[in-house]
Each structure stands twice: as structure tokens, then as C-alpha cells.
Amino acid sequence: MNQEPILTVTLNPALDITTWTERVLPHGKLRCSSPRYDAGGGGVNVSRAIEELGGESEAFVALGGAIGDQYAELLAVTATATHFWPLEGETRFSLTVMETETGQQYRFVLPGPLQVVEDGTRLLAELERAIQGHIRFVVASGTLPPGLAEDIYARLIRHCHTRGVRVILDTSGPPLRAAAVERPFLMKLNQFEARDLAGDGADAIPTGEALARTLVDRGVAETVVLTLGDIGTVLATQGQQLLIRPPLVKVVSAVGAGDSFVGALTLCLARGWELADAVAMGVAAAASAVTTEATELCERDSTERYFRQILGDIEQIA
């Protein structure tokens, strides 16, 4: 199936390490199973989800040190074309510990290596070269390493606007607030991120639907996609507002659900789908991801099955 080219951007990747133990308790040694290793971080996970769903993407990834080398080896076995940027210091890792007795999940996420602020200009120039001439969608996803300029996503969006490239943004905190000034094509937010972005007066906004509409009216993005857990996902633009409810599934692990959502959404847009259907596929991919173990992402068959269920349950919001 034809699709327009996609570039995912991961500036603070993490080598995801997952292990299992009977119970997580203080003081004593916790005997764990053999670990599982995955190349993680927002943009790379989005690329992995796109590949699982039958699409293609390129990935721009900042890596450094021995962990970065191990990470690159994991990426090499995928079909994703990769642009590497030399990260200062050692690529971070994250640790997920699964309790076999309870099914509980414990996630330990490190901040990433300290960067030099001035490196942002050189990094952005390299990103521009990766985009130039053929990329039509850019997914900027995940946190930034400490020290990197907080407006790096904002500057990337500004560059993409001048070339007609659509940016899909999935981040939080100061980088999100800085990016909102440049009005990307689409922002995917949870309730905490949306209320943080709304600022003063956000607590007075009664519902997620009203919050999404408020953000669109303020011009933070052309499209706001606000996830509300079991309630559903709100799609808001100047021309429409929809509530898309998820299917009922048994949650095994929430890791990777948001990235699977963004991957499916972006792939469908790159294939020319209508926005509402693309978001519905994102909801389906997230539902698929939560039924898989540990750091596994969505599965193609279950995503397509959930999508067919969801299509009949899209509600127009007044």
C-alpha cells in the first residue's frame, strides 16, 4: 500500500531492560529472570509499531557510548532506515521489573546524559538534512536529554512548516509548551499534559472534551488528540470534535501503548486516510499494545480486529 515518507525523531532513547521477579521487596536481594532488551524511546517505538503494521519509516536517533552501540545492534535487525546522531555521554537505559506473583509492573526511568546547549543547532541542521526533499510526516516523540535546548522541537516544527511537512508531536513539560507556540499539525496529549499546556484556569475546565476544544481554540495545534483512558480519545479540530471509545480488553502491560497509538495514527495519515479513521486505528493499536507483555508493542492482527469494532462507536461531540 502506498504511503508518504515518515521520519521519527528520538533524541533521548533508552535501552529498555525488562526482567521478572516473584515480588519487589526492600532490603533483600531480588532474584530476577534473564533480561529482555529492546531499543526504546518514543520515536523508535513509533517506527517499530509502523513496521509491525506493515508500513515503513526512517528513524533519527541520538546515541552514545557502549549502551548506544548495543542499542544500534538491536535496531539493525529491523527494516527501519536509521540516521544516527552522536550523543554526548552514555545512552540511558530504563528498567522494568514485572512481579510474577501479582502482575504489578515497576518502571525505573533514567534522565539521559547531560548535553551541551549549543549542540542543538548542529543537531537541528542534521535533522533538516534528513528531512530535506522527501519526508512528508515527522514524528517528534519523547523527552529531551538534560541540557539540550528546550525549544528544539519548536525549531524543528518551524523548519517543517516552511517545507509543508506535517509534525506529529508527543512530548511533555517545557518542550511541549515551547512547541505549542509554533502550532504543529497534531499534538497527542494525556490529561496531565493537556492541563499543563492549558496553564492557569485549566482546573476550571470541567471535561476532557472541553479541554481539547480549549486547546484548539487557543491555537496550540491544528489537531489535538487527547487520550482519556477508559473514557476514550477526543479528536478536536476547528471543524470537528469526536469521542472514540476503546474496546474492552484485558490489560497486561501499558508500556508502549502511546507509541503504538502514534505509530498507527501516523501510518494511516501517510496512507491518505481521513483523520477520524486514523485516530480510530491509533486507539485500536493502543488497545492491542496493552494486551502484550512487557515492552512489546501492538500486533497487526489484533489492531485491525479492534479497529473494525471501534468504527461503529465514534461519537460526534457538540
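1. Four strands make up an open sheet with mixed pairing, ordered β3-β2-β6-β7. Two strands pair if DSSP finds at least two bridges between them. Helices (H or I, at least four residues) and strands (E, at least two) are DSSP runs, numbered from the N terminus. At the edges stand β3 (36–40) and β7 (105–109), and each pairs on one side only. Direction ignored, neighbouring strands of this sheet are turned by 20 degrees against each other on average.

2. This is a predicted model, in which local features need pLDDT of at least 70 and side-chain atom pairs count only at pLDDT 80 or more, while totals for chains, interfaces and linings use all residues. Residues are numbered from 1 along each chain as its sequence is written, and side-chain values use heavy atoms, with hydrogens and water left out.

3. Strand β2 (residues 14–21) pairs with β3 in the antiparallel sense, over five bridges. Within this pairing, Thr18 stands opposite Arg36 in β3. Helix α2 (residues 65–76) packs on the sheet and touches β2, β3 and β6 (92–99). Contact here means heavy atoms within 4.5 Å. The direction of α2 makes about 90 degrees with that of β3. Axes are lines fitted to C-alpha atoms, for helices over the stretch in contact, and angles run from 0 to 180 degrees between N-to-C directions.

4. A further open sheet has 10 strands, again with mixed pairing. Its order is β5-β4-β1-β8-β9-β10-β11-β12-β13-β14. β5 (81–86) and β14 (314–316) stand at the edges with a single partner strand each, so one side of each has no neighbour in the sheet. The twist averages 20 degrees from one strand to the next.

5. In that sheet, β11 (residues 223–227) and β12 (residues 233–236) run antiparallel and are joined by four bridges. Leu226 stands opposite Val234 in β12. Helix α3 (residues 119–131) packs on the sheet, touching β1 (6–10), β4 (58–63), β5 and β8 (137–141). The direction of α3 makes about 165 degrees with that of β5.

6. Glu128 lies in helix α3. Its relative accessibility is 27%, so Glu128 counts as partly exposed. The classes are buried under 20% relative accessible area, exposed over 50%, and partly exposed in between (1.4 Å probe, protein chains only). Glu128 and Ile67 are 61 residues apart along the chain, and their C-alpha atoms are separated by 26 Å.

7. Cys298 is buried, at 4% relative accessible area. Cys32 is partly exposed, at 44%.

8. There is one aromatic pair. Rings of Phe, Tyr and Trp (its six-membered ring) pair if their centres lie within 6.5 Å; planes under 30 degrees apart count as stacked, over 60 as edge-to-face and the rest as tilted. Trp273 and Phe307 form a tilted pair, 5.5 Å centre to centre with 45 degrees between the planes. Trp273 sits in the loop between α8 (257–270) and α9 (275–290), and Phe307 in helix α10 (residues 300–310), 34 residues apart. Trp273 is partly exposed at 27% relative accessibility, whereas Phe307 is buried at 11%.

9. Two charges over rings deserve a mention: Arg166 over Phe185, 4.5 Å from the ring centre, and Lys188 over Phe261, 5.6 Å from the ring centre. The rule requires NZ of Lys or CZ of Arg within 6 Å of the ring centre and within 35 degrees of the ring normal.
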